[in-house]
Amino acid sequence: MSLLKDKKLIIIGDRDGIPAPAIEECLKDIDAQVVFSSTECFV
Amino acid sequence: MNSVLAATSYVLVHVPDMVLHNGSTQTTERTVNPGSAYLEALPKHIRSYEQALSYAPNQTYIGGLTPQQLSQREQPWYPQPVEGADRFARYGEIMPQDEFLLLLQICDVFDLVFLSRDFVTHTRAALAQHPLMNQDILARLKEGVDDEQITNFVNNEHAEGLYHKGQLVGYIKRAHDVDVNLTAHVVHENLVSKASSVLSLLHLIHNSGLNPEEIDYVIDCSEEACGDMNQRGGGNFAKAAAEIAGLKNATGSDMRAFCAAPAHALVTAASLVKAGTFKKVVVTSGGSTAKLGMNGKDHVKKDMPVLEDVLGGFAALICENDGVNPEIDLNLIGRHMVGTGSSPQAVITSLVLSPLEKAGMKIVDIDKFAAEMQNPDVTKPAGAGDVPQANFKMIAALAVKSGEIERGELNDFIQRHGMPGWAPTQGHIPSGAPYLGFARQDILDGTINNAMIIGKGSLFLGRMTNLFDGISFVMRANRGQDKREQGISRHEVRGLIAEALRSFAGSLGDQAGGSHA
Amino acid sequence: MDLENQKRVKELAEKYGPENIVVILGAAEGEAAGLAAETVTAGDPTFAGPLTGVQLGLSVYHVCEEAIKSEIPEDVYDEQISMMEMVLDVDDIVNEMTAIRDEHSKY
């Protein structure tokens, strides 16, 4: 069973890891809705 | 002809009291959680000036150690002080807080900075002995005021306190009663940026041996914004700092691009000089108070000293090609475009591989890469990893992917083409810029032929876009005058012939029609 | 975690119901991933943000974990993320995430 199906997704990306827009791009075709997406920066 | 990097300067200012009072992590904590255990523990983790001075990454920043010497030292670096560390080194200095507070007052032209009478009396002699503080600068220093006035302004007039060794020694008053862009907090942040930029400029003038009046244009690439309520980011830090540093014949402007701004500014400066618009352009930047102690919570939690206790500044001089200094090759510019995307591999491809491919070069043709030079002592305990190493790994992975090196050579590539990070986490300061001075020297010495400087910036923090940003350029050994540019092109020959024919025809006409003059 | 991001997570959990939310992280290190995961499950461990003392117990994963990776088309993952797997310590991230989920995740 899909873990993400019909879920509301919150993406917290990291500037020095995986930025949020890259994660968003991965989840574009999944049957789930991205409700918030933001990238954090520690430097 | 390409322009050249003729000189650089690097300064740090140790400001332990500003960590406590002005760093945004601390000011936020004081707002949301005033009695927190962190705020209580923090003062015990603050370093002395001597500790900051003998800290290996700081010495590397001002040129007291080379990147090679730093990489030979065991990490983390903070437990092992550098023996015999000096305040002044090849590229600049590490200024103590008390002298900097005087410089802050010197940089104030609107009667906003007031220091205690005792403090000015006790510190003036030290600043007067500074080899670069000339009479024009020292003459700007004002007398101190009564302690009573200081307490009154801090307690009742929304002034920002200035502290030294835990004592209130002065204040910055707000520049307007209502304007949120001229609060004491904003003026403090901006004056600190300006004063540390001035210090960078003074060292640059010294290092270059130039008459300051020869400089035509200054670009400030810090991350602050100055203006009033009608133009929040009006500017102009560049000209304001140039005024104090005595660059009488310069004008300037500010360039903003988060942490990528130094690279944008250097490409712009190199272009202005190559185009012949100006002969000598300086890129300068002061430091950021907001970022002091940014990762302090993690440092305190891990029982380490709070390492983000210095302001950083740097300046670079771009001149017309002198046949000696390293060139900034404007044919090798990498840029993160609007359509590039945010995936780390797309970012690094656009900045590193794309410009090289266009020029028919390979990744391994670049001797040294300087990406984000954040000090890992600071970032690793905070969960951000070793930022420069992550960049070099990405570049190496790209070289593997494009078949230039084998997977097994990855670490060897990083060793040869990378370097440790030594820059304080002052936002724009780490972005490639800290290597400029060493790169220039290494190229002049023939140790390396070229280096790629990479600036990267987190534009999304401004909430105007979700985009990332970056720009890169290559410095390389001076090739003397380019033959193609030295000779006359076919196009130019045609132009000269046409001009000769026109004047010949004109003279015929004159003879035929006589003189109309 | 950034205070504004905490605020948004809290609001969205209230709006959609915590059982309907999945948080996906892109943190650079195991420890940072663990802290963010802890924030959206057991509350802000730094006691600074709106999630201090708020035990949302949300479902939370790092994008490099198999559970998420397996739902992403291979070519897209390859284009967006695969190279970062060479840079990140994925095992460390997976261990931290698993530990936090086992202890605090309710969904």
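A salt bridge here is a side-chain nitrogen of Lys or Arg within 4 Å of a carboxyl oxygen of Asp or Glu. This is a predicted model, in which local features need pLDDT of at least 70 and side-chain atom pairs count only at pLDDT 80 or more, while totals for chains, interfaces and linings use all residues. Residues are numbered from 1 along each chain as its sequence is written, chains are lettered from A and ligands numbered from 1 in the order in which they are written, and side-chain values use heavy atoms, with hydrogens and water left out.

**Stop 1: chains C and A**

Select chain C and chain A together. Contact (heavy atoms within 4.5 Å) links 30 residues of chain C with 24 residues of chain A. The buried area (accessible area, 1.4 Å probe, that two parts lose on being put together, summed over both) is about 2,500 Å², and carbon and sulfur atoms give 68% of that.

How many salt bridges cross the interface of chain C and chain A? The rule finds zero.

**Stop 2: the paired strands**

Strands (E, at least two residues) and helices (H or I, at least four) are DSSP runs, numbered from the N terminus. Show strand E1 of chain A, residues 8-14: this strand and E1 of chain C pair in the parallel sense over five bridges, where pairing requires at least two DSSP bridges. Zoom to A:Leu9, whose bridge partner in E1 of chain C is C:Val22.

**Stop 3: chains A and B**

Switch to chains A and B. Eleven residues from chain A and 21 residues from chain B take part in the contact. About 1,200 Å² is buried between these chains, 60% of it on carbon and sulfur atoms. A:Arg15, A:Phe42 and A:Val43 supply 50% of the area that chain A buries against chain B.

Centre on A:Arg15. It forms a salt bridge with B:Glu372, the closest N and O atoms being 2.2 Å apart.

**Stop 4: B:Ser458**

Finish at B:Ser458, in the loop between strands E12 (450-457) and E13 (469-476) of chain B. Beyond its neighbours within four places in sequence, B:Ser458 is in contact with A:Arg15, A:Cys41, B:Phe258 and B:Phe468. Its relative accessible area is 1%, so B:Ser458 is buried (under 20%; exposed is over 50%, partly exposed in between; 1.4 Å probe, protein chains only).
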